[in-house]
Amino acid sequence: MPFYQRLGEVPRKRHVQFRDNGTLLTEEVMGLEGFEGNESILYHLTSPCRVEKLGDFASIVREEWIPDEHKPLHLKTWDVEPGGDALGGRKLLMWNDDVEISLCRPTKAMDYFFRNGEGDEVVFVHEGSGTIESIFGEVPYKSGDYVVIPRGTTYRFAPADDEQRYLVFESPGLIEIPRRYRNEYGQLLEHAPYYHRDIHPPAELRTHRERGEFHVRVRVRDGYQTYVLDYHPFDVVGWDGYVYPWTFSIHDFEPITGRIHMPPPSHQTFQGRNFVICSFCPRKLDFDPMAIPIPYHHSNLNSEEMIYYVDGNFSSRKHIEIGSVTLHPSGIPHGPAPGLAEKSIGMTETHELAVMCDTFHPLRLTKLAQELDDGTYWHSWFEDPAPVSSADEDPAGVTSHF
Ligand SMILES: [Fe+2]
């Protein structure tokens, strides 16, 4: 919902007659926060309330793992089993009342449509490309994209024939561009790490007129209700407004660096309800002659910190690899491994890429997290670090705890 968009045909005024071959179209106002938030107005060939049959309701079941001890965790996700589609293949890793974080390695296209009726979604595409087909039009995606899908969007992933690997965030709250990046009119400010040109709304609207049997799965009441329609749900001839799916590439995030160390909020990409999503991108490191480019130890006493490692060389931190997830729970400090602060001095850049999610309330873990946990990460501050010999091995900056 970054700015006003319009695709297809819309009438001259809101809420007036608008016809397709003589037939009055159905106008739908899809809005957030009552009638006070952003909205889009869509024009349908068929009433979006029309349902032929009610399918099943399937409650969401979460298998929780409660660790015996309170400790930092390292989950190795690279080899998580692929399977399913972009919705059914989501494997929940951790969650709280504000956000659910899942892994997904889909191997097939969705043969149904999905609408999240109770949450906004951000899908980080670690690997893969394709198209999000949606009621607002088609949104191409590629490796490195954050796909932002507001609640109420009927869509499906149409992946290309390549390996797909996603990190998925779902939230009952709104997921937005940080407020401090926007002026009172919504325009992104000069100090923001990205601009409107970096944001890609639906590129093309295709109006589907075919009849048949179409299944739409809707997430509501902590479960999935299937509705069977006798018309294609992408029956919109035009829409306009501020609510629609869009993509933003992590590679278009302009890192903010300083003479001395900049704190994690400088990497913020999205704001959610009681959580943030940040992007740690390749960048120059702190350039004061006395700077320690590696982050300081810190205790975010009321924050949990989840980091997903996307790309780079993590050899200086034992066992961390692409696809690793570290979780630093609240209440205890974290920081660089022993000796690394000294070794980082004089290093000038980092080439590492990571996605971080900080939550203000504790995250609960699933049995999958238990399966992926290396069991030893908590002890790594007790060990001698591996030697660092080049800037590419430099752990500085990419996380707030290396
Ligand atoms: Fe941190």
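Predicted model: local features only at pLDDT ≥ 70, side-chain atom pairs only at ≥ 80, totals over all residues.
Residues are numbered from 1 along each chain as its sequence is written, and side-chain values rest on heavy atoms, with hydrogens and water left out.

Buried denotes under 20% relative accessible area, exposed over 50%, and partly exposed the range in between (1.4 Å probe, protein chains only). With neighbours within four places in sequence set aside, the contacts (heavy atoms within 4.5 Å) of Leu93 include Leu75, Ile101, Val325, Arg364 and Leu372.

Thr77 is located in the loop between strand 8 (73-76) and strand 9 (90-95); strands are DSSP runs (E, at least two residues), numbered from the N terminus. Thr77 is buried, at 2% relative accessibility. Residues up to four places away in sequence not being counted, Thr77 touches Leu103, Arg165, Tyr308, Gly323, Val325 and Leu372.

An open sheet is formed by four strands in the order 1-21-5-4, with antiparallel pairing; two strands pair if DSSP finds at least two bridges between them. Strand 1 (5-8) and strand 4 (26-31) are the edge strands, each with a single partner, so one side of each has no neighbour in the sheet. Four bridges join strand 1 to strand 21 (residues 236-241) in the antiparallel sense, and Asp240 in strand 21 is the bridge partner of Arg6.

Arg156, a residue of strand 16 (residues 154-159), is partly exposed, with a relative accessible area of 21%. Its contacts beyond four places in sequence are Met110, Tyr112, Phe113, Thr131, Ile132, Glu133 and His232. With the side chain of Glu133, the side chain of Arg156 makes a polar contact at 2.8 Å; such a contact is a pair of N or O atoms within 3.5 Å, where within protein one must be able to donate a hydrogen and the other to accept it, and residues adjacent in sequence count only if both atoms are side-chain atoms.

The structure contains 26 salt bridges, each defined as a side-chain nitrogen of Lys or Arg within 4 Å of a carboxyl oxygen of Asp or Glu. Glu321 and Lys76 are joined in this way (3.7 Å, N to O). This pair connects distant parts of the chain, 245 residues apart, with Glu321 in the loop between strand 26 (304-311) and strand 27 (324-328) and Lys76 in strand 8. Glu321 is partly exposed at 32% relative accessibility, and Lys76 is partly exposed at 31%.

A further salt bridge joins Glu118 and Arg219 (3.0 Å, N to O). Glu118 is partly exposed at 23%, whereas Arg219 is buried at 7%. Both residues belong to a salt-bridge network that also includes Arg62, Arg90, Glu100, Glu121, Glu170 and Asp222. In the salt bridge between Lys142 and Asp145, the closest N and O atoms are 3.2 Å apart; Lys142 is partly exposed at 44%, whereas Asp145 is buried at 2%.
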